[in-house]
Protein chains: 2
Amino acid sequence: MASMDKLAALVNSFGSAVLSVGREVGLNIALDKSKVSQGVKVSNVCVAALIGIVGKGARGTVSIMQNKDSFETVVTAMSGGMIAPNVDDAVSMSVVAELANMIGGRALLQSALGQVDVTPPQMITGENIKNIPQPGPTMKSFTLPFNLQPKGTLFLVLSLGDA
Amino acid sequence: MASMDKLAALVNSFGSAVLSVGREVGLNIALDKSKVSQGVKVSNVCVAALIGIVGKGARGTVSIMQNKDSFETVVTAMSGGMIAPNVDDAVSMSVVAELANMIGGRALLQSALGQVDVTPPQMITGENIKNIPQPGPTMKSFTLPFNLQPKGTLFLVLSLGDA
């Protein structure tokens with residue numbers, strides 16, 4: 001498979017994994033198609049889960065970036081309201097890590113790429129977190145924003161290059 | 001090689017790679033041995049470079065976390081004062097990405113682990129960035145703080161587990 005095909009396959013696989021896993025865990029989530037873009041377009045991110053990708057033909061990082069509203073919606077939905085969302089609490093962060101784990105696993109299954117391996121999610125908190133794409137022809141970045149109900153935006157940021 | 005040996009080898013390799021690469025690019029850098037610790041102990045981080053690690057027996061993320069003083073010291077030293085440090089500027093961020101690239105490459109060479117593969121550095125900016133270690137017996141985190149002259153602290157955070 002050509003490398004550009006492999007990148008496109010990864011972007012599509014992760015995008016649909018966010019939707020299918022999200023709905024299975026009880027999220028009301030939809031891709032904001034009009035705002036899908038090349039590059040990094042995120043705002044007010046306070047929680048990020050980063051998954052490293054290593055494989056033949058593709059290499060990079062997939063980031064699931066959330067604003068505070070998205071974090072609260074995800075933790076409340078996935079825990080059935082049993083866990084109070086708090087970025088300083090390891091338990092509510094582990095809920096988001098589990099979502100990222102499921103998305104990573106599903107994406108690799110769906111993409112049927114084979115020989116692509118991933119790291120466990122690295123969880124990051126902070127204020128105004130942004131990915132900074134690196135210049136150069138080999139790496140490409142894509143942002144897919146997802147709207148959550150009742151509130152929140154979850155950004156899927158892919159930074160991928162040929163292996 | 002047993003997995004714990006492999007984790008220890010990675011921690012040692014990355015720690016000595018920070019020192020050797022740092023000195024080669026003109027940094028006055030020293031490990032603050034008294035503050036090496038398990039878990040994540042970072043403060044005031046505004047720039048992070050994350051490298052994913054995938055291999056037989058070890059899997060995780062290595063983060064090079066810097067406070068503002070460290071970022072300014074690194075960009076000034078590596079560019080010979082030619083680049084003004086600015087976290088919103090892709091050029092000065094690429095200086096830090098290059099440092100992370102060199103550290104990752106050196107660490108893998110020194111560790112002689114074979115079959116360990118890494119992602120390109122994912123650059124992140126923000127305020128008060130922190131890694132949140134995930135609970136569970138399989139993942140271990142370590143923080144190695146390095147003091148820079150004339151100013152700044154660079155934190156090497158490893159979150160590693162058995163593959």
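This is a predicted model: local features need pLDDT of at least 70, side-chain atom pairs count only at pLDDT 80 or more; totals for chains, interfaces and linings use all residues.
**The fold of chain A**

Chain A contains 3 helices and 8 strands. Along the sequence these elements follow the pattern α-β-β-β-β-α-α-β-β-β-β. The radius of gyration of chain A is 15 Å, close to the 15 Å that the globule rule gives for 163 residues, so chain A is as compact as a globular protein of that length. Taken along the principal axes, the C-alpha atoms of chain A fill a box of roughly 45 × 30 × 30 Å. Of the 163 residues in this chain, 53% count as buried. Contacts that span much of the sequence are also found: among those in chain A between residues at least 6 apart, 70% join residues at least 24 apart.

**An enclosed helix**

Among the buried residues of α2(A) are A:F71, A:V74, A:V75 and A:M78. The elements that cover the buried residues of this helix include β3, β4, α3, β7 and β8 of chain A. After α2(A) comes A:G80, whose phi is positive, near 60°.

**The contact between the chains**

Chain B gives 30 residues to the contact, and chain A gives 30 residues. On chain B, the elements β3, β4, α3, β6 and β8 each supply at least two residues of the side that touches chain A. The largest share of that side, 11 residues, comes from β6(B). By class, the side of chain B that touches chain A has 13 nonpolar, 13 polar and 4 charged residues.

How do strand β6 of chain A and β6(B) pair, and over how many bridges? They pair in the antiparallel sense, over 7 bridges. Within this arrangement, A:I132 stands opposite B:M123 in β6(B).

**Residues of the interior**

The largest nonpolar core has 106 residues, of which A:F14, A:V96, B:F14 and B:V96 touch the most other members. Leaving aside residues up to four places away in sequence, B:V96 touches B:V47, B:A49, B:F71, B:V74, B:V75 and B:M123.

A:L50 lies in strand β3 of chain A. Is A:L50 buried or exposed? A:L50 has 28 other C-beta atoms within 10 Å, and a residue counts as buried at 20 or more, so A:L50 is buried. Its contacts reach both chains: beyond residues up to four places away in sequence, A:L50 touches residues including A:T61, A:I124, B:L50 and B:Q122. A:L50 and A:S92 are 42 residues apart in sequence and 16 Å apart in space, C-alpha to C-alpha.

**Backbone details**

| Site | Angle |
|---|---|
| A:Q149 to A:P150 (cis peptide bond) | omega near 5° |
| B:Q149 to B:P150 (cis peptide bond) | omega near 5° |
| A:N44 (residue other than glycine) | phi near 55° |
| B:N128 (residue other than glycine) | phi near 50° |

A:P150 is in the loop between β7 and β8 of chain A, and B:P150 is in the loop between β7 and β8 of chain B. A:N44 belongs to the loop between β2 and β3 of chain A; with 14 other C-beta atoms within 10 Å, A:N44 is partly exposed. B:N128, by contrast, is placed in strand β6 of chain B. B:N128 has 15 C-beta neighbours inside 10 Å and counts as partly exposed.

How values were computed
Residues are numbered from 1 along each chain as its sequence is written. Chains are lettered from A and ligands numbered from 1 in the order in which they are written. Two residues are in contact if their C-beta atoms, placed from the backbone, lie within 7 Å. Helices (H or I, at least four residues) and strands (E, at least two) are DSSP runs, numbered from the N terminus. Ala, Val, Leu, Ile, Met, Phe, Trp, Tyr, Cys and Pro count as nonpolar, Asp, Glu, Lys and Arg as charged, and the others, Gly among them, as polar. Two strands pair if DSSP finds at least two bridges between them. The radius of gyration is taken over C-alpha atoms; the globule rule is 2.2 Å times the number of residues to the power 0.38. A residue is buried if 20 or more other C-beta atoms lie within 10 Å of its own, exposed if 12 or fewer, and partly exposed in between; C-beta atoms are placed from the backbone. A nonpolar core is a set of buried Ala, Val, Leu, Ile, Met, Phe, Trp, Tyr and Cys residues joined through C-beta atoms within 7 Å.
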